[in-house]
Each structure stands twice: as C-alpha cells, then as structure tokens.
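Hi everyone, thanks for coming.

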Amino acid sequence: MRIERIEPSKHKKDRVLVFLEGGELLKITENELLRYDLRPDGELTAELLEEIKKSAAVSEMKARGARLTGSRMLSKKQVVEHLTRRGGDREAAEDTALWLEDLGAVDEAAYGLAIVRHYGAAGYGAGRVRQELSRRGVPRELWEELLLQLPPAEEAVECFVQSKCKGKQPDKERLRKLSAALQRRGFSWQEIEPVFRRLEAEALENETLE
C-alpha cells in the first residue's frame, strides 16, 4: 500500500497523519515515523501496516499515561483504570503503568505518604486511612510503614474532642456521640477509650470538688 502524503496533526500535538492510497488514514506518533522511516510514496505491506498500527497504539497509550501522571499523583492501579476506561487494552495499560513507574512518574510510596499525611492532618484515624489507601490502589505491602507517619491516635482523638467541646466538659451523652463520630473517622474503640476514661475521671473529680 502506497503512502500518498504525511502531515502533522493540526488538532493533536505529537500526532502524525499518514494518508494512504484508497483513502485510509493512519494516525501515528513521531516515534513510528522515525522508527519505520515512513516517507511519501513509500510502500507498506499489510504486515508492516499492522505492526505500525500496534506500535502507534502503544505510543499513544504511553503519551496518555504521561499526561495523566504529569498533572497528579496516581498509583499503577489508577493509571490502568484511567487508560482502560474507554476500552483501552488492559495488558498495554499495565505495561504503560510499569513503564511510568520505571521513569519515576509513578511513585506509590510517595503517593501513599501524601495520602497518609493529608488524612492524618485532617484528623482521621488509621481505619479511614487504610480505606483511602485501598481505594486509591496503593499496594498493601506499603501500608504499615506508611501508617507510622500518622499522628499518635490518642493525640488525634484528644484534639478532635477538644475541637468539638470547645473547653466544655462533655457529659456521657456527648461522649457517646463523639465516640460514634470518631469511629466513623477511622479510630478504634481501643484508641478512643483512654481519652474518654480520662475525661470521665476529670468530670467526676470536678463534681466532687463542687
């Protein structure tokens, strides 16, 4: 099949349009243009045309992956989900995610640390942070080390209670509601109980003094 002409795309950066005899249009990247030394009036066999199409699909997916990770942090799982959302080849998407990791564009440990620090600073406990790490595809083998970066649970619980009570001594009903709220935020009862026991002891002491 003869190549009639080759033009850069007017609408998409780094895309090259190869016009073939019979009206077929081949969309490739500069990578394929150079790799296969494509020129006007050149001839393509059916096998070579298919090979170029496959190479162009891989190049396009890598370009999409690079654009994705150039603007935000993502896990490999999220990269694959984005690249396959509209029917992209899953194996090619997984290869692209690994390629991006090799380049340093995907760093799951750094991404996980950013998640932990964000939710820790917002006053969430380890349970909620684990949910976020899982939802975002951060590998489970990184979790325990990452969770060490959370503020001490007792300190976080104390801070939450103080922010809600604004210096007032909470009664039992108020403590019950605060406990439920803390558990929704990812704290276990084992983490909540020491703070509440101290608050209850302080309340009892104040009543005695009165």
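**Salt bridges, one by one**

Okay, so there are 17 salt bridges here, where a salt bridge is a side-chain nitrogen of Lys or Arg within 4 Å of a carboxyl oxygen of Asp or Glu. Keep in mind that this is a predicted model, with local features needing pLDDT of at least 70, side-chain atom pairs counting only at pLDDT 80 or more, and totals for chains, interfaces and linings using all residues. Residues are numbered from 1 along each chain as its sequence is written, and side-chain values use heavy atoms, leaving out hydrogens and water.

Why pair up at all? Side chains of opposite charge can do this when their charged atoms come close.

Let's start with Asp37 and Arg39, whose closest N and O atoms are 3.0 Å apart in a salt bridge. Asp37 is partly exposed at 47% relative accessible area, and Arg39 is exposed at 53%. For those words, buried is under 20%, exposed is over 50%, and partly exposed is in between, with a 1.4 Å probe and protein chains only.

Next, Glu101 and Lys76 form a salt bridge at 3.2 Å, N to O. Glu101 sits in helix 4 (residues 90–103) and Lys76 in helix 3 (residues 76–84), so this pair ties together parts 25 residues apart in sequence. Helices here are DSSP runs of H or I with at least four residues, numbered from the N terminus.

Now, is Glu132 buried or exposed? Glu132 is buried, at 6% relative accessibility, while its salt-bridge partner Arg135 is exposed at 54%.

Last one: Lys12, Arg15, Glu60 and Arg67 are linked in a salt-bridge network.

Note on methods
Helices (H or I, at least four residues) and strands (E, at least two) are DSSP runs, numbered from the N terminus.
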